[in-house]
Amino acid sequence: MDKLIIEGGKPLVGRVKVAGSKNATLPLMCATLLTRGRSHLRNVPDLRDVRTMGRLLTTLGARVDSRADELWIDTGGAEGQEAPYDLVKTMRASVLALGPLVAKTGLGRVSLPGGCAIGERPIDQHLKGLEAMGAKIELEGGYVIARAKRLKGADVAMDLVTVTGTENLMMAAVLAKGRSVLRNCAREPEVVDLARALKAAGARIEGAGTSTIVIEGADELGPLEHTVMPDRIEAGTYMVAAGITRGELAIADAPLEHLTAVVGKLKEAGLRFQQTPRGVVVSARRAPKPVSVITGPYPGFPTDMQAQLMALLTLSTGSSLVQETIFENRLMHTSELRRLGAVVEVTGSTAVVKGVRKLTGAPVMATDLRASACLVLAALAAEGETHISRVYHLDRGYERIDQKLIAAGATIRRVSEGPPK
Ligand code: EPU
């Protein structure tokens with residue numbers, strides 16, 4: 001298990017390039033199970049979660065080949081129907097195999113993802129939708145089993161906005177018989193990216209990116225041929241890196257059209273943005289101003305950027321209010337930030353962040369992916385050395401983040417702490 005040792009206090013200056021989106025890639029990889037051909041994905045990020053999803057597809061009988069940022073997935077021999085516990089427990093997104101498996105093979109057996117570090121995260125909406133499409137759902141030995149000779153189109157109103165729920169049902173509906181109407185859908189850009197790839201493969205989908213998606217089922221789909229959208233959360237994280245170190249980063253391939261809420265808040269905090277041919281240049285000269293934020297489904301402020309914004313606000317000139325509304329336990333980073341000298345009080349799902357003049361390096365521990373990013377950002381600004389343990393969380397979702405930051409002037413060492421405990 002690796003840890004990062006970061007010597008903070010230096011402005012980052014340089015250029016970073018954003019990789020393809022993790023949360024777009026994972027459903028796209030599962031969508032290849034809807035076909036029996038050789039799919040080709042480009043701009044695929046090199047991440048632990050992507051490799052885990054590759055392992056899941058291989059377990060199901062697919063052949064997965066990769067070269068640089070390209071991935072070929074041949075589902076010609078994908079006769080498997082089970083996503084086993086060992087894989088699902090390391091990556092909840094494995095649940096995205098359920099819709100495609102039942103739609104294509106008539107049966108999907110997926111280990112039930114338990115709660116995780118950020119909350120309970122049930123999948124009742126996924127199951128309710130599949131059931132409405134005619135699947136028989138059973139729970140057995142920790143697995144959820146969905147069975148249907150052929151799914152049939154249905155009108156499904158989801159009780160809450162769920163990203164992977166919307167994606168799972170959209171993938172199921174593209175091979176169902178007849179028309180499906182999915183209501184109260186997630187409008188995240190990753191849902192739109194998935195719909196775009198499926199449409200190019202022959203699916204008939206209207207309305208992705210709005211709250212109602214209408215799908216006319218098809219008998220079969222061709223293989224996917226798609227370039228993955230850039231990762232908006234990675235881009236947002238580098239924006240904060242520029243701001244928190246009072247540096248200047250040119251961020252190439254930042255999907256600004258998907259970052260309106262994030263850029264809005266960062267501008268409110270005093271960060272400067274300038275469009276240039278090298279990418280968007282984000283800079284800051286002085287301490288950030290306090291801002292208040294409430295996370296929400298897209299186009300609201302993303303929960304996946306909440307921890308990183310909070311890192312910035314710990315050094316602001318006043319008091320900020322950060323309210324998390326998507327996950328019930330996503331303020332775990334606050335106790336680690338306090339170890340660096342931040343002043344944060346948490347009541348329920350709300351944190352009051354009182355800006356301090358400086359943070360000071362300390363040993364800290366990452367609890368989930370975005371909490372790790374938050375700690376890296378805080379460490380970049382802190383005086384002295386910060387040791388961040390459990391960075392395997394970070395490697396799940398940020399492609400070579402230490403290398404990218406080092407290229408912009410950060411002092412970071414990665415050391416091995418021995419096998420994961
Ligand atoms: N929920 C239910 N029932 C369901 C589904 C969701 O109650 O059937 C609840 C969840 O417990 C949560 C809320 O609805 O409180 C929203 O969860 P959602 O289903 O939208 O989350 P997700 O699809 O499991 C994806 C991303 C997350 C991101 C969230 C919210 C992927 C692979 N994961 O998760 O990404 O935080 O949407 O935007 O797309 C990350 O990248 O760090 C990450 C956690």
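**Domains.** I looked up the spacing of the domains: the C-alpha centres of domain 1 and domain 2 lie 30 Å apart. Domain 1 covers 2–19 + 230–416, and domain 2 covers 22–227; I note that these bounds come from an automatic or database domain assignment. To their contact (heavy atoms within 4.5 Å), domain 1 brings 25 residues and domain 2 brings 20 residues.

**Basis.** This is a predicted model, in which local features need pLDDT of at least 70 and side-chain atom pairs count only at pLDDT 80 or more, while totals for chains, interfaces and linings use all residues. Residues are numbered from 1 along each chain as its sequence is written, and side-chain values use heavy atoms, with hydrogens and water left out.

**Interface area.** I then checked the area buried between domain 1 and domain 2, and found about 1900 Å², with 50% of it from carbon and sulfur atoms. Buried area here is the accessible area (1.4 Å probe) that two parts lose on being put together, summed over both.

**A cis bond.** Tyr-298 came up again: its peptide bond to Pro-299 is cis, with omega near 10 degrees. Pro-299 sits in the loop between β18 (293–294) and α10 (306–313); helices (H or I, at least four residues) and strands (E, at least two) are DSSP runs, numbered from the N terminus.

**A positive phi.** Asn-43 is not a glycine, yet its phi is positive, about 60 degrees. I placed Asn-43 in the loop between β3 (38–42) and α2 (48–59). I noted both cases because most residues other than glycine have a negative phi, and most peptide bonds are trans.

**Ligand shell.** I counted 21 residues around the ligand, with Asp-124, Thr-162, Thr-164, Asp-304 and Ile-326 the closest; the shell takes residues with a heavy atom within 4 Å. Domain 1 and domain 2 each give at least three residues to this shell. The largest share, 3 residues, comes from α5.

A polar backbone atom of Ile-326 is 2.6 Å from a ligand oxygen atom, and a polar side-chain atom of Arg-370 is 2.7 Å from a ligand oxygen atom. At Pro-122, a backbone N or O atom lies 3.3 Å from a ligand nitrogen atom.

Note on methods:
A polar contact is a pair of N or O atoms within 3.5 Å; within protein, one must be able to donate a hydrogen and the other to accept it, and residues adjacent in sequence count only if both atoms are side-chain atoms.
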